[in-house]
Amino acid sequence: MIFGEIDELKFYRGISRELDSAINFILENKVLDRFEGKNEILGEKLFFNIQNVETKKLKDCFFESHREYMDIHIIIEGEELIGYAQKGDLKLNLDYNESSDFQTLSGKMQNSFHMKKGNFIMFFPNEPHMPLIAPSDETKGIKKAVFKIKM
């Protein structure tokens with residue numbers, strides 16, 4: 001898991017060609033002119049989803065994990081908290097779904113990261129994360145992009 005400011009993404013080039021393409025796409029601000037839903041860059045190897053979603057109270061959130069893809073979350077409008085815990089400290093809730101590369105887990109959040117415009121957070125495969133946590137008692141709408149990079 002890596003958290004930082006978007007201009008720091010340049011330091012993470014070289015891990016994979018697809019990640020480099022995602023980083024270049026983000027740094028060139030190409031995300032802002034894309035449509036809601038799935039936007040392909042390199043087919044199923046690299047794509048991103050623009051989401052207009054509501055944050056939730058912590059009690060309504062859950063951990064998710066992926067085996068094939070890494071995620072990069074960036075905020076376009078609004079704020080959210082994203083929770084993190086080590087996989088060994090969590091309990092599996094749902095069998096892994098290979099077609100959606102998705103698994104849910106439950107347990108106690110060990111860390112949280114306050115996401116706002118200008119930040120990114122990157123999760124490698126098998127790193128559980130809990131998105132869409134409202135940063136206050138009030139839930140609000142946010143617009144975000146979630147990049148999916150095949151590893």
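This is a predicted model: local features need pLDDT of at least 70, side-chain atom pairs count only at pLDDT 80 or more; totals for chains, interfaces and linings use all residues.
Strand β5 gives the most to the lining of the second largest pocket, with 3 residues. Helix α1 (17-27) joins β5 in supplying at least two residues each to its lining. The residues to look for are Ile-6, Ile-26, Leu-27, Asn-29, Lys-30, Val-31, Leu-32, Ile-74, Ile-75, Ile-76, Lys-117 and Gly-118. By class, they divide into 8 nonpolar, 2 polar and 2 charged residues. The space inside comes to about 190 Å³.

Now turn to the largest pocket, which holds about 310 Å³ of space. Its lining is made of 19 residues, and those nearest the centre are Gln-51, Glu-64, His-73, Phe-102 and Pro-131. Four strands, β3 (46-54), β5 (69-77), β11 and β12 (141-150), each supply at least two residues of this lining. Which of the strands gives the largest share? That is β3, with 4 residues.

| Pocket | Volume | Lining by class |
|---|---|---|
| Largest pocket | about 310 Å³ | 8 nonpolar, 5 polar, 6 charged residues |
| Second largest pocket | about 190 Å³ | 8 nonpolar, 2 polar, 2 charged residues |

The largest nonpolar core has 21 residues, and the members that touch the most others are Val-31, Ile-72, Ile-74 and Phe-147. Helix α1 and the strands β3, β5, β10 and β12 each supply at least two residues of this core. The most comes from α1, with 5 residues. Apart from this core lies another, of 9 residues, including Ile-75, Ile-82, Tyr-84 and Met-115.

Leaving aside its neighbours within four places in sequence, Ile-72 is in contact with Leu-19, Ala-22, Ile-26, Phe-120, Ile-121, Met-122, Ala-145, Val-146, Phe-147 and Ile-149.

Asn-119 lies in strand β10. Is Asn-119 buried or exposed? Its relative accessibility is 9%, so Asn-119 counts as buried. Beyond its neighbours within four places in sequence, Asn-119 is in contact with Phe-3, Gly-4, Glu-5, Ile-6, His-73, Ile-74, Ile-75 and His-114.

Finally, two residues stand out for their backbone angles. Most residues other than glycine have a negative phi. Asn-126, however, has a positive phi near 70°, and Leu-132 has a positive phi of about 70°. Where do they lie? Asn-126 sits in the loop between β10 (119-123) and β11 (129-133), whereas Leu-132 is part of strand β11. With a relative accessible area of 35%, Asn-126 is partly exposed. Leu-132 has a relative accessible area of 15%, which means that Leu-132 is buried, as the cut-off for buried is under 20%.

Key. Residues are numbered from 1 along each chain as its sequence is written. Side-chain values use heavy atoms; hydrogens and water are left out. Buried means under 20% relative accessible area, exposed over 50%, partly exposed in between (1.4 Å probe, protein chains only). On a 1 Å grid over the protein atoms alone, a cavity is a set of points where a 1.4 Å probe fits but cannot get out, and a pocket is an open set with protein on both sides within 12 Å along at least five of seven lines; lining residues have an atom within 4 Å of a point. Grid points are joined across faces, edges and corners, and a volume is the space filled by probe spheres set on the points. Ala, Val, Leu, Ile, Met, Phe, Trp, Tyr, Cys and Pro count as nonpolar, Asp, Glu, Lys and Arg as charged, and the others, Gly among them, as polar. A nonpolar core is a set of buried Ala, Val, Leu, Ile, Met, Phe, Trp, Tyr and Cys residues joined through side-chain atoms within 4.5 Å. Contact means heavy atoms within 4.5 Å.
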